[in-house]
Structures are given as structure tokens and as C-alpha cells.
Amino acid sequence: MHADQDVVTQDHHEELTLKKYFNNIWVAVRSLIKGLKITSKYIYSEPTVSIEYPEVREVLPENSRSRLFNDAENCISCLQCATACPVDCIYISANKRDKEAPKIKTKDGTPIRLDLTQYTIDTALCCYCGLCTTVCPTQCLTHTTDYEYATYTLGQMKFDYLDPEIRRWRDRIVK
Amino acid sequence: MDNQIVINENIESPNDPESERLKTELLTINMGPQHPATHGVLRVEIQTDSEIVVKATPHLGYLHRCFEKHAESVDYRGVIPFVDRMDYLAAMNMELGYSIAVEKMLGTEVPIRAEYIRVICSELQRIASHLMYFGTYAIDLGAFTPFLYAFQEREFILRIFEEISGARLLYNYFWIGGVWNDMTSDQLTRISNFLDKMDGELDKYHNLVGLNKIFIERTANVGVLDEDLAYSYGATGPVLRGSGVDWDLRKKRPYSIYDKFDFDVIVGKGLQGKLGDCWDRYYVRMMEMKESIKIIRQALEGIEDGPVMGKVPKIIKLPEGEIYLRTECPRGELGYHIISDGGKTPYRLKVKSSCFTHTSMLPDLAPGQMIADFVATIGSIDIVLGEVDR
């Protein structure tokens, strides 16, 4: 089957003289000692760098991009975040506000003309690119620094930001 | 010494029933896709004669995410998060090529401060990426400690990136027209202090690993890629420079503001064995980090105050036409071919990836190697499967 298939090995054997033999040993021992010196310096004089996670928690930088949060009271349902999202993970629906209803404004004074009926983000789809937060005109959609929200099912990763439970959670997280 | 091994010597003769039972054949082994030494999900089907590789066939596609087709359905800004996910170890460099390509077509001027920040970030990213190579390559060859040392330095770079962009790996930081956030002077000083420390650390790592006798024995004269073979496969980046070719896009075809900086192109010299072996590729990468440090130092000196975002229309529509732009990434040349039909999304976005071309060299490098040397060869060409499959 492979009778005439020759394979050339890539070894390049030179003749080993006695001098080379001892030289090899000398080089090997010297490089070993050099390496051990570096390692032993790390054992005795360098400070520990590992962080033991569940006990010690590192504070993330302020603009670290983790879980999204929408402050629904300030949202004007402009749909810009849903348009900018490259993976289409933001679901918004809104109704036109009644003319008789009392006029409300966001924190920065933009009038709210639409009533938000749904604002859901599927965090399982989200790629945390931050494009949605930068287009938000009222800065109500923000990335928080909360990264510990693993769930048991994919369905639980959908966060409805009109849910009172999550609105309570806001006080804990939002800067 | 006879350096030829004849496979399947004629031990069988048709008349002998005993030899019929004892016939030899090649053994087929699957290396990967979950093999720790293949850096991701590369599957290499190798045929071995005892411990010597006779034939190696890489099988790709385990990480295929349909990037090129998907890019046709998202707007130009939305492509950047996907570009990050190609080479996730050097996302800044991936973004740089894409944003320069779009800016050239759009005719946007990038503010000078943004250009400097881009250079600083992409060179820091190059250091981080090469450190990753250094650590994982040592693991491939059986040394675990260098991995931890490399990650200690890499951690600082990722921390800086997290502060300026908000993410550790997939930044979405270089935008079309500039960069997202400005860097504070405090961060620039910290980078400068880090570089001073890094210079010494690199010497230490090189002494610890590169000049170690065991490391030299494992890498010198292994996986020799000569200049002709490198050219014929279209190898780029450190793999090509390791074969002794003086070719660096930052020097030969400067993009961004690389023409302002003074640095050397490191080429392999065959110091420990033949030219173009695994040790040369290691050497090129280690010394390239020092050149990156040099570039960042000059950039930190030359950085000017000013805006970091140029004037870009709210909805980006490229004029009809096409562009091919290539940049020097840590793993080689990365090319973007963008074709626009005047719409909001690219008509076609083709990526020329260096990792893909380097993977295609494996069948030629493998025959005749020991399996352990083959692992060293895969490690030395430093592929990231996210970029191979896209």
C-alpha cells in the first residue's frame, strides 16, 4: 500500500564528539540554574497576584460593560437602541399616549409622547457591544457593572424592565 | 547517519501466512477538535507510522459563524462587534483595519489624537497577543510557569483596555471616524510605567524560556519553513519574517500614522538552528514586543490634545465602489475587501485572514515529524481559529 512512500525526517544529526557532549551538559545545567533563579525569586519576593474570586471581588472600572439596565421612567420609546443593536435582542412596543392624560417629562426635560408597554432585553443574545447605550438620547439605557446574573434557563435571561422586581433591583445597581 | 525512514518495509511475502497476519498499516489519529494543543477547535487528521507523522489534514469549520454573510445585513457600525470576534486575542488590530477601510471609502479625516490612541492600543494589543502566544507555546512544550508570568503582564493591558473601552476582549473601541473614549493622562502615565517594567520582564522571559536548553532542543530545526515555501503559501507576519524575509506592512506600506515612528523589522536569523524553524518564529515574536514598546514610547511622547472623534454622518452610507485594505496584525496580514452598492450595509465584505493561509501550510510541514514536534509546529505558527473559520 505504502511500499514506495519515503519520508525524510527533519532531524539534523551532527557527529557527537566528547567535547560537544560535555558542552551540551554544561549549557543545559547553566540554563536550568538561570531559570530556577528566576522562579525562586518569584517564590520568595514577588507579591501574590491571584484574586480568590468568591471571597475577594475586584471592583470593575466604571464604564465596564456588563448587564444592561433601562430606567423605563425616562425612556421615550424612540427605538434607536433597537435599531442600533447588531443582534436584535431589544424588544420594544409602545402605544400613543392619550391627549387627555397628564403630560410627563423625562429627567432631562424631554416630553414623553409614547407609553411604553414592553421593554425586554434578551441578555442571552446580547453581545455587550455598547452600541445601544451610546445612541440613547435620554441616557436611560446604561451598562451596569453587575456581572453575576447567571440563570438556570435561557428564558430567565430575558429581562422585562417594566417588571417591578427589576425596578427595585435598580436602586442596588444604577450609579 | 541514514536519515531516511522507509515506511512499510517489505516484511510480507505472499507465501507466508504468518506475515499476512502481521501486516503493518498506518494509524489514523484525530488530533482535536478538543485537543488542548491545537489552540481552539482545529481538527487535524494525522496518519502516523509509529510516532512519525506521515500525513496531516486539517479540518476546519468548527467555529464558522457566517461572519461575511452576516455582515451584509448589519450597518457599517454594527459590523465592528463582529469583527472583534474574528481574532479575539487581537481584537483592536481587527478593528483598526476595518475602520481604516471604511474611513477611506467615506473620506473621513481621523483626528490626530485618535490616530495616536489607535497606534498605542494596537501595539499594546500586539504585546498582549504575543504574550498569549509565549504562554501557550510554553504549555505546548510542557512548561506551565511561563504561562502564568505572561498572563500577569497581559492582565495589565486588558485592565487598561477595560477602563477605556469597557470590555476585556471584545472592545468595539475603534469606531468609524475615531475612537470611542478619550484616554486620560493618568492612563497614559500608567502605560508608560508599564513599558519600563515590561522591557526588563521580556529579557527575563527570554532567558527563562527562549535560551533554555530544553526549549531549544524542542524547537530548533523543527518545522523548518524555508523562504520559498513561505512565499508559495502566501505566509505573512511573524511566520514570514521568521523565515528571514524583511517584510512588515507597517514599514513597507505604512497605514494610519506608522510612518512617523522609528522601529526595526525583526527577521529570523537561524540563531539556534536552521533558518525558519520554530525557534526563529519564537524569536521574531519576542523581539517584536520590544519594537512595539519602542513604538508606544514614541507615541506617548508625540500624542497631542484634541478631539478623538471625527465628523461622521449619523447614518453611514458608503459611496458605490470597492476597497481592499490590509494591515499588519500580530498573526500576519489581515485584508478587508469591502464592496458597496451605496446602501446602508456592505454589499460584500470579504476577509483575507493570515491564520487561514498559515493553517494550509500544515500538510507540508508535518510529514516526517514526530507527533510532539508537530504540536510544536502548530503552536509556533500561532493560529486563532476564530479568524480561520470566521
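How many Å separate the centres of domain 1 and domain 2 of chain A, taken over C-alpha atoms? I found 61 Å between them.

**Entry 1: conventions.** I note that this is a predicted model, in which local features need pLDDT of at least 70 and side-chain atom pairs count only at pLDDT 80 or more, while totals for chains, interfaces and linings use all residues. Residues are numbered from 1 along each chain as its sequence is written, and chains are lettered from A and ligands numbered from 1 in the order in which they are written.

**Entry 2: chain A overall.** I looked up the domains first: domain 1 covers 17–45 and domain 2 covers 68–173, with bounds that come from an automatic or database domain assignment. For secondary structure I recorded four helices and six strands in chain A; helices (H or I, at least four residues) and strands (E, at least two) are DSSP runs, numbered from the N terminus. Their order from the N terminus is β-α-β-α-β-β-α-β-β-α. Of the 175 residues in chain A, 14% are buried. I used these cut-offs: buried means 20 or more other C-beta atoms within 10 Å of the residue's own, exposed means 12 or fewer, and partly exposed lies in between, with C-beta atoms placed from the backbone. Among the contacts of chain A with a separation of 6 or more, 76% join residues 24 or more positions apart; a contact requires C-beta atoms, placed from the backbone, within 7 Å.

**Entry 3: Tyr21(A).** I located Tyr21(A) in helix α1 (residues 18–44) of chain A. Is Tyr21(A) buried or exposed? Tyr21(A) counts as exposed, because it has 10 C-beta neighbours inside 10 Å. From its C-alpha atom to that of Thr142(A), 121 residues apart along the chain, I read 67 Å.

**Entry 4: sheet in chain A.** I found an open sheet of three strands in the order β3-β4-β6 (chain A), with antiparallel pairing; strands pair if DSSP finds at least two bridges between them. Its edge strands are β3 (90–96) and β6 (158–160) of chain A, each pairing on one side only. Neighbouring strands of this sheet are turned by 15° against each other on average, direction ignored. Seven bridges join β3(A) to strand β4 (residues 114–122) of chain A in the antiparallel sense, and Ser93(A) has Gln118(A) as its bridge partner in β4(A).

**Entry 5: sheet in chain B.** Here I noted another open sheet of three strands, ordered β2-β3-β4 (chain B) and paired antiparallel. β2 (27–31) and β4 (52–59) of chain B each have a single partner strand, so one side of each is left without a neighbour in the sheet. The twist averages 25° from one strand to the next. Strand β3 (residues 43–49) of chain B meets β4(B) over seven bridges in the antiparallel sense, and Asp49(B) stands opposite Ile52(B) in β4(B).

**Entry 6: helix α3 of chain B.** I found nine of the nine residues of helix α3 (residues 76–84) of chain B buried, so this helix is largely enclosed by the rest of the structure. Among the buried residues are Tyr76(B), Pro81(B) and Asp84(B). Their cover includes α3 (131–135) of chain A, as well as α2 (67–71), α4 (91–106) and β9 (348–352) of chain B.

Note on methods
Two residues are in contact if their C-beta atoms, placed from the backbone, lie within 7 Å. Axes are lines fitted to C-alpha atoms, for helices over the stretch in contact, and angles run from 0 to 180 degrees between N-to-C directions.
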